[in-house]
Amino acid sequence: MSDKILIKGGRIIDPSHKRDEVADLLIEAGVISGISPSIAQPEGTFRTIDARGLLVVPGLIDLHTHLRVPGFEYKETIASATAAAASGGFTTVCCMPNTNPVNDNQAVTELILERAAAEGLVHVLPVGAITKGSQGKELAEMAELVSAGCVAVSDDGLPVMNSEIMRLAMTYATIFDIPVIDHCEDLNLTADGVIFEGKVSTDLGLRGIPSSSETVMVARDIELAELTGARVHLAHISTAGSVQLIREAKKRGISVTAETCPHYFTLTDEALRGYDSNAKMKPPLASSKDMEAILAGLADGTIEVIATDHAPHASEEKEQELDCAPFGIIGLETALPLSLKLVETGVLSLSDVIEKLTSGPAKVIGQKIGRLGIGDRADITLIDPDVEWTVKASDMKSLSKNSPFIGWTMKGRASTVIVSGKVLEGLYDGGKLR
Amino acid sequence: MERVILNSNEISRALTRISHEILERNKGPKDLILIGIQTGGVYLAQRLSSQIEKIEGDPLPVGALDITLYRDDLANRSAYPTLKKTDIPFDMTDHKVILVDDVLYTGRTIRAALDSLIDLGRPREIQLAVLIDRGHRELPIRADYVGKNLPTAFEEKVKVFLEETGEEDRVILNRPSKTH
Amino acid sequence: MPLKRKDILSIDALSCEEIDLILQTAESFKEVSTRDIKKVPALRGKTIINLFFEPSTRTRTSFELAGKRLSADVINISAASSSAVKNETILDTARNIEAMHSDFIVVRHSASGVPQLLAGVLRSAVINAGDGAHQHPSQGLLDLMTIKEKKGEIKGLKVVIVGDILHSRVARSDIQGLVKYGAEVCVVGPPTLIPSGIERWGVKVSLHMDEALVGADIIIVLRLQLERQSRGFFPTLREYAMLYGLNQNRLNLADPEVLVMHPGPINRGIELSSEIADGLSSVILDQVTNGLAVRMALFFLLSEGSQH
Ligand SMILES: [Zn+2]
């Protein structure tokens, strides 16, 4: 295959360069070598991609993926997760450390990166643990993790309850200028809660998780970010109270960034009415008031990242009583169309949506990706914005099918994904990725 | 197409005649009990009791029997009667029970009633009184007292209306019209 | 009029007409239990499976007896031990059981929503015998039946439900039924045990028992799960009894004709004093009798509905 690719006539949207125009894009040796309204045919052999009617955007970046490797390969493998990622338009995924063993040391980070190099279709950037074993007691060796390739630290899934430890972690992280990503949840307030505490939990007789379970930790983290000067990134924000706290913190100049997930701006706790365990995740789907606040937070820039919190679980785990089924849903293959819907509903401009999926997350982890500049690695996603398709479990590339969106009709889909200048084809016409 | 088979007077005369027959056959009212099958049979049993009171001076005890739970077609019927109460506020042991129903047809209702009565007590004898016997028996059952024998076709319907339910007393034969 | 539904999962789903039919049928079944031979052949050849994932002698016995009085074959399965050990999912367990050609599956589970989950995949009629803190429809029905029987009409009655509303499926079923029939319902208990937003169900919330009991026609006392104390919902049983236990002094605040109900088993001296439990106002044993009749009615009416 030729190493020159000419993408012709697409609408190039690159928020980091404030570019939104119909133009051609040339890739040579895995790197973007030209963008202009009309690029002449390059010399030698090359491949042309007709992108008329398509969006040409930086490859999407997911800040919050659970690859499940090592330890939970029955839920997902790097091959299946990265296939799902590519199918959903993502060229980079950041994988959370709550594996078995926990990614709290160099060896685990290296193992993940080796496997990603061997079987991954997209780039994998590991997130290391904040504390050893994510036990919330002693700091993990951050310098080792960073040198092995971790781009951030987080105890996602097992959040640090001890505020002093969190303070120390944030302070220590400033050495490496990496973000501390926090899953904001007060486990004591959550107790044995299963879904959002409110009308639906009362009706269904399910134990509730109060919205304060998230907001008290958001408040804590903001205070600690101010105290330590660390870069703090708040994962999967879901409540109105959190959005308000973050908005105010940003006004005060505190270095805090925030992400939300498509399910928090698409669904509410009403989705639990049928006791569907595929609508059970943490934080839980909240009220419509919270959903409105999330949309407002996306619109005014309080929330700069859309992440998936892709959390695969096997069907036998999800086919349980709602009380026992594990928290989490997959999201890599549905995030793009659900985000594009925000354009249709007037919440965000198309460029804003792309920003929250590309340069937004890139900025959080301080990586030179998520942009289309001359000399940049050619991670590019072509999107057919008008194609309508139905989400089918059988079509999903992820090993697990725990999605509340199965059966939904979506509009917009990644049609071609280019990773380091290599074209991944046949994403949605029934073809397999490999 | 509808035809009145018995009017109010004729029903009343039939019941008077049955009352006499019951007393004659049983040599008086001693140890007799009337048990009507819900719902039509219960009203008829009450009427027979007051007829007998007119003749003998004392009414007979009247009980009500719901046979729904004993039907053999519970599994495959389309119209489902609401479960009514069985109310037999006396001991049937060593008494002669006159079972009363409005229409005798296949005999399955009576079979259910007999099973039910036997579960409820041990009467010395059970006799059967019906206002209409329309034939088409599917079981070896016959009535001891019949108000009117009415030969019918299978597709015809016999309906008994009684004052107690707010209707004018009458028995009607309903024949599905041939036009469709 | 048949009951045109496959399953009984919650009171909420039933219309007043359906509830009327169930209670009217149950009234007829009460008589069957007074016979010498307390068995009728209505459900001969049908199979009822009591699938109890949570132990409950009372409810299971009541369903079992109801089935047997209707001549059905009744099989009791305590599934807590079997499925958890074999790591089988709840749906697998249920499908396996249905493969035995059951007609009814009566389910009790500590997790809310399990009967609904099963009803969605099984051909058998599913009767919810209590799921988590969600619903206990047969208890709700028997409570309605008892109140109707004793008071004639439910509309306008002042009903006070006392105790742990948060974890109570009985409270949820009772509230839905009572509100449907126009009763004035007040829930009272420690605020730590009152679920968020219960007012939206059309009930009043009171934190003070003496205030709530004034003029009450019915007092439904809920069973207090003693382990709630260790979870910190209230400091001690003694203090709970002091604030929310029903005793004679408190009962005197209610209407003189007040009825006291309790789903059983009673923690005597905690939520209810013995003198009241065994006193003239108590209809607790009528509840048990009516429970059997209601469950017979449910089997009977569902077997009919399934034919259509
Ligand atoms: Zn998380």
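This report covers a sheet in chain A and the interface of chain A with chain C.

## Basis

This is a predicted model, in which local features need pLDDT of at least 70, side-chain atom pairs count only at pLDDT 80 or more, and totals for chains, interfaces and linings use all residues. Residues are numbered from 1 along each chain as written, chains are lettered from A in the order written, and side-chain values use heavy atoms, without hydrogens or water.

## The sheet in chain A

Chain A has an open, parallel sheet of 8 strands, in the order 6-7-8-9-10-13-14-15. Strand 6 (60-65) and strand 15 (305-306) of chain A are the edges; each has a single partner strand, so one side of each lacks a neighbour in the sheet. Strands are DSSP runs of E, at least two residues; helices are runs of H or I, at least four. Two strands pair if DSSP finds at least two bridges between them.

Strand 10 (180-182) and strand 13 (232-234) of chain A run parallel, joined by 3 bridges. A:Ile181 has A:His233 as its bridge partner.

## The interface of chains A and C

Chain A gives 19 residues to the contact and chain C gives 22. Contact means heavy atoms within 4.5 Å. The two chains bury about 1,500 Å² between them, 50% of it on carbon and sulfur atoms. Buried area is the accessible area (1.4 Å probe) lost on being put together, summed over both parts.

There is 1 salt bridge between chain A and chain C. A:Asp192 and C:Arg231 form it through their side chains, at 3.4 Å, N to O. The cut-off is a Lys or Arg side-chain nitrogen within 4 Å of an Asp or Glu carboxyl oxygen. Helix 6 (199-204) of chain A gives the most to the chain A side, with 5 residues.
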